[in-house]
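Please look through the structure shown here before reading on, and keep it in view while you follow the report.

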Amino acid sequence: MKKSSLIISLVISISFLVILFSFTEISNTINMLDNTSDEMARLANSETIILSPHLDDGVLSLGGLMSKRENQILLATFFTKNPNKIIHTKWDKISGFSDSNTAMQQRLIENKNALSNINTVIKNYDYPDFQYRKEDTGIETNIEKDIENLINTYQNKEVFIYGPATFGSKITHPDHQILHNAFMNVLKNNTKINVHFFIYEDFPYVYEFNSFGLGNLKTYLEKTENIKFEEVPIELNKAELAEKIENIYKYSSQIKAFVSLNENIKNLAQKFYQKRCKTILPTSYTCEIVYKPI
Ligand SMILES: [Zn+2]
């Protein structure tokens with residue numbers, strides 16, 4: 001081959017490689033953009049956001065609101081990380097799991113199944129559960145940022161966001177307390193008029209709070225948070241409560257753990273929600289109560 005032909009072939013080969021490389025980069029970027037815009041579209045269509053510490057808390061506490069199907073719901077669950085190293089805990093054992101890996105895999109499936117009949121978008125954050133971690137440093141601040149970022153994806157749309165209550169350190173699970181604190185910080189710093197905040201009663205912790213005779217939860221929250229609240233009942237009919245209980249039972253591993261602790265969640269939920277509503281609104285079959293800052 002002549003020297004000039006060799007140079008031309010080399011130039012053509014290099015150009016071909018450059019074009020191929022650029023094309024791959026461009027298509028990767030397009031894929032990334034597609035994923036981001038899909039995620040944005042997914043979020044923007046959900047006007048109700050429920051912040052859930054663990055995979056079962058959203059349905060346990062607001063399964064009735066979900067069964068009303070008034071808005072599309074985004075269920076954001078925070079403590080869903082599968083630990084890098086396999087861990088054995090008492091809670092996973094009484095839930096029927098041999099270790100953390102099988103527990104987290106199965107619990108994610110249970111969550112999908114429980115929500116499959118409801119118009120719910122699932123968003124899971126990657127924080128380790130209290131039973132799997134050694135320290136809490138930075139989690140609350142990071143969750144606060146996550147909540148703010150989540151709210152910002154809705155731009156100017158009307159958003160109804162529900163976060164967990166607190167019942168004091170003797171009753172409240174540490175993960176629920178962290179999420180409550182992060183939620184309250186976002187609520188207190190919020191300046192957007194299109195975002196409406198509600199505190200929900202975490203079930204079954206609220207049952208415990210009431211049975212300990214610790215007084216009225218609204219008064220307790222007002223004192224703890226230094227904010228005035230309005231009690232807002234979410235009225236549920238018989239079918240809506242029945243669907244909530246049916247969906248709670250789809251978290252079968254957690255039901256198994258409750259049973260081993262002698263807790264009959266079905267009877268507890270039935271009794272609690274009917275009694276809860278009679279105090280507030282005698283005409284309705286049953287209701288979930290949320291607290292709106294005023
Ligand atoms: Zn929980």
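## The model and its make-up

This is a predicted model, in which local features need pLDDT of at least 70 and side-chain atom pairs count only at pLDDT 80 or more, while totals for chains, interfaces and linings use all residues. Residues are numbered from 1 along each chain as its sequence is written.

The protein has 11 helices and seven strands, where helices (H or I, at least four residues) and strands (E, at least two) are DSSP runs numbered from the N terminus. Of its 294 residues, 35% count as buried; a residue is buried if 20 or more other C-beta atoms, placed from the backbone, lie within 10 Å of its own, exposed if 12 or fewer, and partly exposed in between.

## The sheet

Strands of a sheet pair through backbone hydrogen bonds, either parallel or antiparallel. Here seven strands form an open sheet with mixed pairing, in the order S3-S2-S1-S4-S5-S7-S6, and two strands are taken to pair if DSSP finds at least two bridges between them. Because strand S3 (120-124) and strand S6 (229-236) stand at the edges with a single partner strand each, one side of each is left without a neighbour in the sheet. From one strand to the next, the twist averages 25°.

Strand S1 (residues 48-52) and strand S2 (residues 73-77) run parallel and are joined by five bridges, and Ile50 stands opposite Leu75 in S2.

Leaving aside residues up to four places away in sequence, Ile49 touches Leu74, Ala76, Leu150, Val159, Ile161 and Tyr162, a contact being two residues whose C-beta atoms, placed from the backbone, lie within 7 Å.

## Two crossing helices

The axes of helix H5 (residues 139-152) and H6 come within 8 Å and cross at roughly 50°; axes are lines fitted to C-alpha atoms, for helices over the stretch in contact, and angles run from 0 to 180 degrees between N-to-C directions. That angle makes H5 oblique to H6, since angles under 35 degrees count as roughly parallel, over 145 as roughly antiparallel, 65 to 115 as roughly perpendicular and the rest as oblique. Among the residues that meet where these helices touch are Ile143 and Ile147 in H5, and Ile178 and Phe183 in H6.
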